[in-house]
Amino acid sequence: MTEIIDPQAQRGEAWLSKADVRPTRQRIALATLLVGDGYDRHVTAESLFSAVCDAGEKVSLATVYNTLRVFCAAGLMQEVTVDGSRSYFDTNMAEHPHFFWEKSGELTDAPATELEITRLPEPPAGMEIASVDVVIRLRAKSN
């Protein structure tokens, strides 16, 4: 491990280390923004790119996308797709539903304890259900 004094960067590097992800300077910078404060978050590649640029790091948007894919493949994050084209990346790896706030485009955790799925359809022959993603869309009530 690289010697890092900043506690948030240390947390980011430890996060990478637990999944055997090579801790490059750019990966540490992104990991620090994602988990450095100890809280889970939902980000888009664009929002993470903006945050890393604001932090003074020189990283391309393509590198952010590629790094998020590496983090997902390593089991550090999960990708949540909304609208089939908009992807969010979630550092909370526990199975849980999400709220998608249509007006702001924000994705947040929904309380898993309040969700009850009582039955799923049988998967096609030779297949098994790997997971169930629940995204609950929210908008202001219309009068």
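Helices are DSSP runs of H or I that span at least four residues, numbered from the N terminus. The exercises below concern a predicted model.

**Exercise 1. Determine where Arg 27 is found and which residues it touches.**

Solution.
Step 1. Arg 27 belongs to helix H2, which comprises residues 25-35.
Step 2. Residues up to four places away in sequence are not counted; Arg 27 then touches Leu 16, Val 21, Arg 22, Thr 67, Val 70 and Phe 71.
Step 3. Arg 27 is buried yet takes part in no salt bridge. The nearest side chain of opposite charge is that of Asp 20, at 11 Å. A salt bridge requires the nitrogen and the carboxyl oxygen to lie within 4 Å.

**Exercise 2. Decide whether Gly 12 is buried or exposed, and list its contacts.**

Solution.
Step 1. Gly 12 is placed in helix H1, residues 7-18.
Step 2. Its relative accessibility is 0%. Buried means under 20%, so Gly 12 counts as buried.
Step 3. With neighbours within four places in sequence left aside, Gly 12 is in contact with Ala 31, Thr 32 and Val 35.
Step 4. For Gly 12 and Val 132, which are 120 residues apart along the chain, the C-alpha atoms are separated by 28 Å.

**Exercise 3. State how many salt bridges the structure holds, and examine the one between Arg 25 and Glu 57.**

Solution.
Step 1. The structure holds 5 salt bridges.
Step 2. In one of them, the side chains of Arg 25 and Glu 57 meet at 2.5 Å, N to O.
Step 3. Arg 25 lies in helix H2, while Glu 57 lies in the loop between helix H3 (45-54) and helix H4 (61-73); the pair therefore ties together parts that are 32 residues apart in sequence.
Step 4. Glu 57 has a relative accessible area of 25% and is partly exposed.

**Exercise 4. Describe the salt bridge of Arg 137 with Asp 83.**

Solution.
Step 1. The closest N and O atoms of Arg 137 and Asp 83 are 3.0 Å apart.
Step 2. This pair links distant parts of the chain, 54 residues apart: Arg 137 is in strand S6 (residues 135-138), and Asp 83 is in the loop between S2 and S3.
Step 3. Arg 137 is partly exposed at 41% relative accessibility, and Asp 83 is partly exposed at 48%.

**Exercise 5. Give the strand order of the open sheet and identify its edge strands.**

Solution.
Step 1. The open sheet has 3 strands in the order S1-S3-S2, with antiparallel pairing.
Step 2. Strand S1 (42-43) and strand S2 (78-82) each pair on one side only, so they are the edge strands.
Step 3. S1 pairs with strand S3 (residues 86-90) over 2 bridges in the antiparallel sense. The bridge partner of His 42 in S3 is Asp 90.

Methods: Residues are numbered from 1 along each chain as its sequence is written. This is a predicted model: local features need pLDDT of at least 70, side-chain atom pairs count only at pLDDT 80 or more; totals for chains, interfaces and linings use all residues. Side-chain values use heavy atoms; hydrogens and water are left out. Two strands pair if DSSP finds at least two bridges between them. Buried means under 20% relative accessible area, exposed over 50%, partly exposed in between (1.4 Å probe, protein chains only). Contact means heavy atoms within 4.5 Å. Lys and Arg count as positive and Asp and Glu as negative; His and the chain ends are not counted.
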